[in-house]
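Visitor: I have a structure to look at and I am new to this. Where should I start?

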Amino acid sequence: MFDVLRKYNKTLMSEPLVDLLAQPGRFERFSASLGGVLLDYSRVHIDDTAFGQLLELASEAGLEEARGQLFGGEAVNLTEHRPALHMLLRGDCIPLEQRPADAQQALDAVDFMLEFADRLHRGRLPSQPEARITDIVHIGIGGSLLGTRLLHEALGQAGSEVPNVHFLGSVDAHGREALLPRLNAANTIMVAASKSFTTGDTLLHARRVRQWMEKTLDAEAVRKRQFAVTGALEKAMDFGVPEQQVLYLPDWVGGRYSLWSPVSLSAAATMGATAFRELLAGAADMDRHFRDAQPADNLPVIMGLNGAWHRNVCGFCSWGVFPYDQRLKLLPSHLQQVIMESNGKSVTVTGEPCPEATSPVVFGESGTEAQHSVFQALHQGTDIVPVNFVGVVRPAHNDSEAHQELLANMLAQATALACGRTSEATLAQMSEAGVSDAGMLLPHRTFTGNRPSEILMLDELTPANLGRLLALYEHKVFVESVLWSINAFDQWGVELGKQLAPGVQRGLAGGDADAPGLAGLLGYIRDRS
Ligand code: F6P
């Protein structure tokens with residue numbers, strides 16, 4: 001089927017995107033929305049025929065059946081023998097009879113988390129309301145940090161009572177050593193989020209933060225200030241976190257899909273419990289849409305098909321995401337994990353080599369800043385990079401002039417990528433401006449166009465719309481995984497490096513390194529340490 005699409009793509013190439021965009025009704029035809037989220041995919045270089053072929057591809061790949069298996073609680077994560085049911089945390093789209101035995105325990109943990117969050121939001125220590133909390137140190141890495149940090153940056157409120165949140169991820173101690181002297185342990189809690197409770201970075205930071213607390217607080221006060229979110233309850237308790245402050249994360253919620261869970265305690269503490277529930281409700285809205293809407297009108301399906309069009313039909317290797325709203329500046333880092341850890345696979349679910357390319361390389365940053373760093377290559381580089389622009393119609397500030405300028409920039413970038421500027425138009429512009437060396441400059445100042453993008457517009461950055469947006473990306477990734485016949489929910493690729501690290505550490509300490517090819521460099525580092 002991809003061959004049929006590739007063949008048709010060659011025909012489409014003779015029709016530039018600028019011409020397709022000029023066709024009446026293209027926006028209405030190639031856009032879709034849910035709640036306050038609109039997807040404009042009119043700048044994807046497809047037409048009705050290509051879109052029809054993509055829908056056939058989805059059908060041939062068994063998308064509807066796979067979607068049923070996902071929402072039916074089947075063990076879609078084959079290599080870890082578990083379902084992927086993060087949707088259960090945010091709404092009622094998983095039928096009662098398909099829910100795992102620990103579903104209620106997981107939902108109760110979200111409720112507990114929101115109770116804690118509510119008290120923290122008012123600057124109170126959950127177990128001792130008279131104690132003031134001004135700072136939360138959130139410790140975690142990957143899915144145990146990126147999502148909650150994004151939520152905090154996007155929706156966290158500032159208020160005299162609302163605590164500050166500080167994130168410690170990488171085991172690198174610079175951040176922690178700069179942070180702790182600025183805090184007062186009596187007014188601080190630590191949240192150690194780790195699904196496995198074995199991740200070295202997280203455990204080391206947690207030990208150090210606790211040691212720092214122990215310098216000024218008695219044992220009971222330290223216990224009251226330790227919280228954990230994990231699937232390994234015993235391990236967290238053995239670590240010293242009191243049982244009632246260990247929040248449960250079930251194994252059917254993958255790390256990168258866990259921002260809907262108690263992992264987001266720190267973000268919920270700054271957003272407030274009500275906003276967090278609205279976030280969950282927005283995501284549940286997208287879940288129902290993905291589960292029920294026809295493929296042709298289904299936002300995650302459309303985005304997944306566009307992804308396969310770019311990756312497999314056009315052969316584009318990377319994908320950029322540019323939020324034109326500073327509150328969403330961490331969206332690219334979160335999506336990097338969601339997309340690359342989910343779909344960066346080269347064997348199919350049955351263990352055969354993938355016949356088609358899988359995850360693109362994902363990158364991105366805040367929009368206008370990216371314009372002044374990476375966009376040169378997007379407009380004129382030799383590789384074509386499909387991009388997502390994410391904008392917000394109504395900002396939360398009153399400077400309409402600044403907001404218009406921001407949105408105009410976003411839309412201008414999308415237009416420039418899609419439509420380019422012909423050499424004739426470029427020459428005419430230079431002549432009018434009286435440029436003397438126009439002939440020499442012409443190839444440098446011409447834009448080929450035909451560079452695709454999708455635009456996602458949120459009416460406002462409400463918790464519900466952010467929930468819809470993040471769930472949309474999660475399901476898009478699932479759709480792509482079905483088209484590629486891969487498991488989006490495991491991550492064996494991160495294991496080997498972790499296994500090698502202790503041997504390398506022995507080498508750094510002067511012992512025998514169990515890692516080929518490193519002797520020279522280890523010696524170099526040891527000599528200079
Ligand atoms: O990088 C691998 C990974 O397992 C991610 O999937 C996960 O989000 C992260 O490490 C952190 O793991 P944990 O929550 O178990 O500490």
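Guide: Start with a definition. Two strands count as paired if DSSP finds at least two bridges between them. Keep in mind that this is a predicted model.

Visitor: Which residue of β11 stands opposite Val321?

Guide: Gly364 in β11 stands opposite Val321. Now take the whole strands. Strand β10 covers residues 318-323, and strand β11 covers residues 361-364. They run parallel and are joined by 4 bridges.

Visitor: How does the chain get from β10 to β11?

Guide: It passes through helix α15, residues 331-343. This is a β-α-β crossover, and it is right-handed.

Visitor: What holds paired strands together in a sheet?

Guide: Strands of a sheet pair through backbone hydrogen bonds, either parallel or antiparallel. Back to this model. β10 also pairs with strand β12, residues 387-394. Again they run parallel, with 4 bridges. Phe322 has Phe389 in β12 as its bridge partner.

Visitor: What is the strand order of the sheet that holds β10?

Guide: The order is β1-β2-β13-β12-β10-β11. That is an open sheet of 6 strands with mixed pairing. β1 (31-34) and β11 are at the edges, each with a single partner strand, so one side of each has no neighbour in the sheet. From one strand to the next, the twist averages 20°.

Visitor: Which helix lies across β12 and β13?

Guide: Helix α18, residues 400-419, lies across β12 and β13 (453-460). The helix runs at about 150° to β12.

Visitor: What is the strand order in the sheet of 5 strands?

Guide: Read it as β6-β5-β7-β8-β9. This sheet is open, and its pairing is parallel. The edge strands are β6 (164-168) and β9 (246-248), each pairing on one side only. Here the twist averages 20° from one strand to the next.

Visitor: How many bridges link β5 and β7?

Guide: There are 5 bridges, in the parallel sense, between β5 (residues 135-139) and β7 (residues 188-193). One to find: Ile139 has Ala192 in β7 as its bridge partner. Then look at helix α6, residues 103-121, which packs on the sheet. Helix α6 touches β5, β7, β8 (226-230) and β9, and its direction makes about 135° with that of β9.

Visitor: Now helix pairs. At what angle do the axes of α13 and α14 cross?

Guide: Roughly 70°, and the axes come within 7 Å. Angles of 65 to 115 degrees count as roughly perpendicular. α13 (residues 273-292) and α14 (residues 299-313) are therefore roughly perpendicular to each other. Met286, His289 and Phe290 of α13 touch Leu299, Pro300 and Val301 of α14. That contact has 5 nonpolar, 1 polar and no charged residues.

Visitor: Is α13 oblique or perpendicular to α21?

Guide: The axes of α13 and α21 come within 7 Å and cross at roughly 40°. That makes α13 oblique to α21. The crossing is right-handed. Residues in this contact include Glu278 and Asp285 of α13 and Arg468 and Phe478 of α21. By class, the contact of α13 with α21 has 12 nonpolar, 3 polar and 4 charged residues.

Visitor: How far apart are the axes of α7 and α21?

Guide: They are 11 Å apart. Helix α7 (residues 146-155) and helix α21 (residues 463-484) pack at about 145°. Their crossing is right-handed. Leu150, Leu151, Ala154 and Leu155 in α7 meet Pro463, Leu466 and Leu470 in α21. This contact has 7 nonpolar, no polar and no charged residues.

Note on methods. Residues are numbered from 1 along each chain as its sequence is written. This is a predicted model: local features need pLDDT of at least 70, side-chain atom pairs count only at pLDDT 80 or more; totals for chains, interfaces and linings use all residues. Side-chain values use heavy atoms; hydrogens and water are left out. Helices (H or I, at least four residues) and strands (E, at least two) are DSSP runs, numbered from the N terminus. A crossover is right-handed if, with the strands pointing away from the viewer, the path from the first strand over the helix to the second runs clockwise. Axes are lines fitted to C-alpha atoms, for helices over the stretch in contact, and angles run from 0 to 180 degrees between N-to-C directions. Angles under 35 degrees count as roughly parallel, over 145 as roughly antiparallel, 65 to 115 as roughly perpendicular and the rest as oblique. Contact means heavy atoms within 4.5 Å. Ala, Val, Leu, Ile, Met, Phe, Trp, Tyr, Cys and Pro count as nonpolar, Asp, Glu, Lys and Arg as charged, and the others, Gly among them, as polar. A crossing is left-handed if the near helix is turned anticlockwise from the far one by less than a right angle, and right-handed if clockwise.
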